[in-house]
Amino acid sequence: MLRALITSCAFFWAYGAQAEVTSAQLTQPTGRYDHAILGDADEWGGMRLTGPTGTVEVTLPQSRVFEDVTARVADLDGDGASEVLVVETHIAHGASLAVYDVTGRVTATPFIGRTHRWLAPLGVGDLDGDGLPEIAYVDRPHLARELVIVQYRDHKLTEIARISGLTNHRIGDKTIAGGIRNCGQGAEAILANADWSQVMAVRMEGRKLLPRALGPYSVAAMKQALACKL
């Protein structure tokens, strides 16, 4: 059994040659952050990572919470092993997008820089067509409304593109709208325009993001778009 302490997160793992994250669950509900952007006062103080050889229990310091609807398990860099993607918020400095693996917290985007400022993950997919995944999220979906594309390579997150006028969350909603789809012509981000009047698809060409409207927004229309029916 390996016991370690990294970035104030205590975790334990029975290592094996094939160890990787197979599931992740947010744990330790806490009211120590009063943002309630997802509709209630509780955020999460911990996370449980499960793999074929054991379980990692992550506990955040009192200055941070996981401010998210779920912890997402995905292969973020195309190496065949899954990582975990989750919103990790500093109570004084706002949200960041963090990556965890079997060793604990690996890296994160910078905190936004101000309390009560959030970001909403959109999805993971090969948006630039190079055979490796990108990560999409919306920076401050209620304020800045900027779609951001980052790559996770060599254990680092690097921003490669950004465009304004798009969003995927309304204050108080318990879910995050949209996602990544591939209807046979490459991956594209599906979300809403800034005023929620249109469902938008955003393709990536090189480092340029190209948005187009698919039709009037509704919950049903968003589902149709993700199912390649719009």
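**View 1. D154 in the loop between β13 and β14 of a predicted model.** D154 is exposed, with a relative accessible area of 69%; exposed means over 50% relative accessible area, buried under 20% and partly exposed in between (1.4 Å probe, protein chains only). The residue sits in the loop between β13 and β14. Strands are DSSP runs of E with at least two residues, and helices are runs of H or I with at least four residues, numbered from the N terminus. D154 is not a glycine, yet its phi is positive, at about 55°. Most residues other than glycine have a negative phi. The model is predicted: local features need pLDDT of at least 70, side-chain atom pairs count only at pLDDT 80 or more, and totals for chains, interfaces and linings use all residues. Residues are numbered from 1 along each chain as its sequence is written, and side-chain values use heavy atoms, with hydrogens and water left out.

**View 2. Q28 in strand β3.** Q28 also has a positive phi, near 55°, and is a residue other than glycine. Q28 belongs to strand β3, which covers residues 23–30. With 35% relative accessibility, Q28 counts as partly exposed.

**View 3. The open sheet β11-β12-β13-β14.** Four strands form this open sheet in the order β11-β12-β13-β14, with antiparallel pairing. Two strands are taken to pair if DSSP finds at least two bridges between them. The edges are β11 (119–125) and β14, each of which pairs on one side only. On average, neighbouring strands of the sheet are turned by 25° against each other, direction ignored; the axes are lines fitted to C-alpha atoms (for helices over the stretch in contact), and angles run from 0 to 180 degrees between N-to-C directions. Strand β12 (residues 134–139) pairs with β13 in the antiparallel sense over five bridges. V138 has L147 in β13 as its bridge partner. Strands of a sheet pair through backbone hydrogen bonds, either parallel or antiparallel.

View 4. Y152 lies in strand β13 and is buried, with a relative accessible area of 1%. Leaving aside residues up to four places away in sequence, Y152 touches L76, D77, E83, V99, V106, T107, I135 and L157; contact means heavy atoms within 4.5 Å. R117 is 35 residues from Y152 in sequence, and the C-alpha atoms of the two are 23 Å apart in space.

**View 5. The salt bridge between R162 and E146.** The side chains of R162 and E146 meet in a salt bridge, 2.5 Å from N to O. R162 is in strand β14 (residues 156–164) and E146 in strand β13 (residues 146–153), so the pair links distant parts of the chain, 16 residues apart. R162 counts as partly exposed, at 34% relative accessibility. A salt bridge is a side-chain nitrogen of Lys or Arg within 4 Å of a carboxyl oxygen of Asp or Glu, and by this rule the count comes to 13 salt bridges.

**View 6. E188 with R181 and R212.** E188 forms a salt bridge with R181, with the closest N and O atoms 2.8 Å apart. Both E188 and R181 are buried. E188 also meets R212 in a salt bridge, at 3.0 Å from N to O. This second pair links distant parts of the chain, 24 residues apart, with E188 in strand β17 (residues 187–193) and R212 in strand β19 (residues 208–216). E188 is buried at 4% relative accessibility, whereas R212 is partly exposed at 36%. Elsewhere, salt bridges that share partners join D139, R140, E146, E159 and R162 into one network.
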